[in-house]
Amino acid sequence: MTVLRVVVLTGSGISAESGIPTFRGSEGLWRSFSPEELATPEAFKRDPTLVWEWYLWRKSLIAHAEPNEGHNALVKLENRLGDDFFLITQNVDGLHQKAGSRRLLELHGNIWRVRCLSCSAVYCDYRTEMDKLPPSCIRCGGLVRPDVVWFGEAIDEKALEVAFRWSSSCSIFVSAGTSAVVYPAAELPYIAKRSGAKLVEINPEETPISTIADVIIREPASRGVKKLLEML
Ligand code: OAD
């Protein structure tokens with residue numbers, strides 16, 4: 001009997017129904033900037049205040065957002081499968097934890113954490129407004145940045161190792177609400193497929209992995225994950 005071991009990779013599409021703009025949709029624009037112009041170390045070096053203003057805007061959207069049926073259905077799946085379930089998210093919004101997911105890896109960090117560029121302190125900062133921008137470290141007064149992974153930055157090696165290990169040892173890999181174009185996360189469905197897993201895609205639109213998917217659920221994540229639960 002094949003053991004059902006399920007890995008789910010989520011992207012910003014799963015949080016779209018909670019009112020948080022996706023990265024690449026036109027609704028993701030803030031002022032006239034796309035996230036790809038702001039979520040970079042270069043942008044932060046050039047204008048940390050501008051980058052922080054954008055993050056405060058995103059934080060205030062996220063602060064008011066609640067997990068949706070997609071997040072909730074993934075908690076049900078985790079409860080059903082226990083140790084044979086693992087969730088990998090590219091989202092930094094924390095909505096999976098808020099929904100109750102525990103077996104979770106946040107590959108791109110978490111927007112509620114900050115990191116000091118001088119003393120490397122990492123701590124939570126839940127403010128959505130700040131008197132002084134950019135903010136200073138509570139420990140040493142140095143410049144702090146959001147503790148998230150930006151374009152061109154490496155993902156924590158250990159986190160990546162965990163993601164690769166799960167992807168290469170699951171029997172079903174589900175890609176939900178991601179455009180599957182940002183590496184190394186975009187590599188995970190291919191690793192799973194090469195290792196013999198069945199690949200499921202949940203996305204209202206086609207993506208580069210649609211051509212190798214075994215099952216395609218062309219639905220928003222809220223309905224799509226519930227369908228997946230019925231299928232398993
Ligand atoms: P994208 O904006 O690239 O893609 C969002 C995907 O969600 C698209 O494929 C949409 O079709 C799909 N989508 C939209 N609404 C949906 C819904 N209701 N249900 C399911 N899917 C829906 O966002 P990501 O794939 O998350 O990284 O982007 C990946 C990474 O690139 C992000 O984590 C971020 C970004 O740049 C970094 O900042 C490093």
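1. A polar contact here is a pair of N or O atoms within 3.5 Å; within protein, one must be able to donate a hydrogen and the other to accept it, and residues adjacent in sequence count only if both atoms are side-chain atoms. The model is predicted: local features need pLDDT of at least 70, side-chain atom pairs count only at pLDDT 80 or more, and totals for chains, interfaces and linings use all residues. Residues are numbered from 1 along each chain as its sequence is written, and side-chain values use heavy atoms, with hydrogens and water left out.

2. Glu17 places a polar side-chain atom 3.0 Å from a nitrogen atom of the ligand. For His108, a polar side-chain atom lies 2.9 Å from a ligand oxygen atom. An N or O atom in the side chain of Asn203 is 2.8 Å from an oxygen atom of the ligand.

3. There are 21 residues around the ligand, and Ser12, Arg24, Phe151, Thr178 and Ser179 come nearest. A residue is counted if one of its heavy atoms lies within 4 Å.

4. The domain assignment, automatic or from a database, gives domain 1 (1-19 + 67-108 + 155-232) and domain 2 (21-64 + 111-148). Their contact (heavy atoms within 4.5 Å) takes twelve residues from domain 1 and eleven residues from domain 2. Taken over C-alpha atoms, the centres of the two domains are 26 Å apart.

5. Where does the ligand lie relative to domain 1 and domain 2? Both domains give residues to the shell around the ligand, so the ligand lies between them.
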